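Student: Hi! Could you walk me through this structure with me? I'll start with the helices and then jump around a bit.

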Amino acid sequence: MEATAALSEVEQAFPWFFPSVIFILGAMVGSFLNVVIYRVPAGKSIVTPGSHCACGQPIKWFHNIPIFTWILLRGRASCCNRPYSVRYPLVELLTAALFLAIWLRMSHASAVGGCVLISLLIAATFIDLDHMIIPDSITIGGTVAAVMISFLIPATHGFSHSEIYLLGSIRSGFASIVGVLIGSGLILWIALLAESILKKEAMGFGDVKFMGLLGAFLGWPGAIFTVFGGAVVGTVWFAIALIWQKIADRPTSAVLPAETPDGQTTEVALGTHVPFGPMLAIAGAIYLLIAKPYFELYLSTVLQLW
């Protein structure tokens, strides 16, 4: 209680302090996510070796400061002057901004799960865009982590530790497990139905596992919103990609990568494979940060009418 009171006093005296810490933490996590995005699909360790340039030289710590290093070095490595992608600072900035948004919009306890989820969504999004896969270490590993966090932090699903016999922890963990089953089960049935109609594979099993992860963190209402919200996001994204191909002399991958059924790179068109994970990730983030109270109110109204 004394520690909580002390933290409250600091927050009241310096309202900018904790948001600044969260933003910096998010940038640091974003820097780590860049490592995950590059190394995990390649089967490399995310621990060793340490950060190094494409030329093989280790990156000094003062040249590895999130966001600012890229700006100060003007997007070039200090050791060999090679350019490196602007995506590195963008991932760091995106993670930092979303961490800050979560801190400002959610309770401090529930923000823990929110930040873990956002980190997994960012990693999955860019890996899926690059390789059209979502590794099991993110989907299955993230789902296990989500269930554990739900038990340890009941606020993840809106429950409290103060309930008798830790009933809040049990309810929160159960809500996470139900979210896994609803999320993965719903998209699996959609995939099977589409496959029976189209007579070909309509969705990868990685997306099914990814929805299990989202359901574990967001609960069954969030899973339902994410599945149908992801379809809306995908439709808009697909339309933008088609328009981009018509009016701009740029590669398709600049907007949305696409493959033929046998895995060959091609332009976006009906019948091509496109990554669905990023669309689900965007819909999940929208639910977490914006839509949750409104969608839950909508669901409660519909259930009352029944």
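This is a predicted model: local features need pLDDT of at least 70, side-chain atom pairs count only at pLDDT 80 or more; totals for chains, interfaces and linings use all residues.

Student: Where does H8 bend, then?

Tutor: At Gly219, by about 130 degrees. A proline, Pro221, follows within four residues.

Student: And what about H9, at which residue does H9 bend?

Tutor: H9 bends by about 85 degrees at Ala291, and Pro293 is the proline that follows within four residues.

Student: Switching to packing: which residues touch the most other members of the largest nonpolar core?

Tutor: That core has 60 residues, and the ones touching the most other members are Ile102, Ile118, Ile138, Ile187, Phe210, Leu214 and Leu256. Helices H2, H4, H5, H6, H7, H8 and H9 each supply at least two residues of the core. H8 gives the most, with 15 residues.

Student: What does Phe210 touch, leaving out residues up to four places away in sequence?

Tutor: Its partners are Leu121, Ala124, Ile134, Thr139, Gly277, Leu280 and Ala281.

Student: One more: is Ser119 buried or exposed, and why?

Tutor: Ser119 counts as buried because its relative accessibility is 11%, under the 20% cut-off. Ser119 sits in helix H5, and beyond its neighbours within four places in sequence it contacts Val29, Leu33 and Phe99.

Methods
Residues are numbered from 1 along each chain as its sequence is written. Side-chain values use heavy atoms; hydrogens and water are left out. The bend at a residue is the angle between axes fitted to the seven residues ending there and the seven starting there. Buried means under 20% relative accessible area, exposed over 50%, partly exposed in between (1.4 Å probe, protein chains only). Contact means heavy atoms within 4.5 Å. A nonpolar core is a set of buried Ala, Val, Leu, Ile, Met, Phe, Trp, Tyr and Cys residues joined through side-chain atoms within 4.5 Å.
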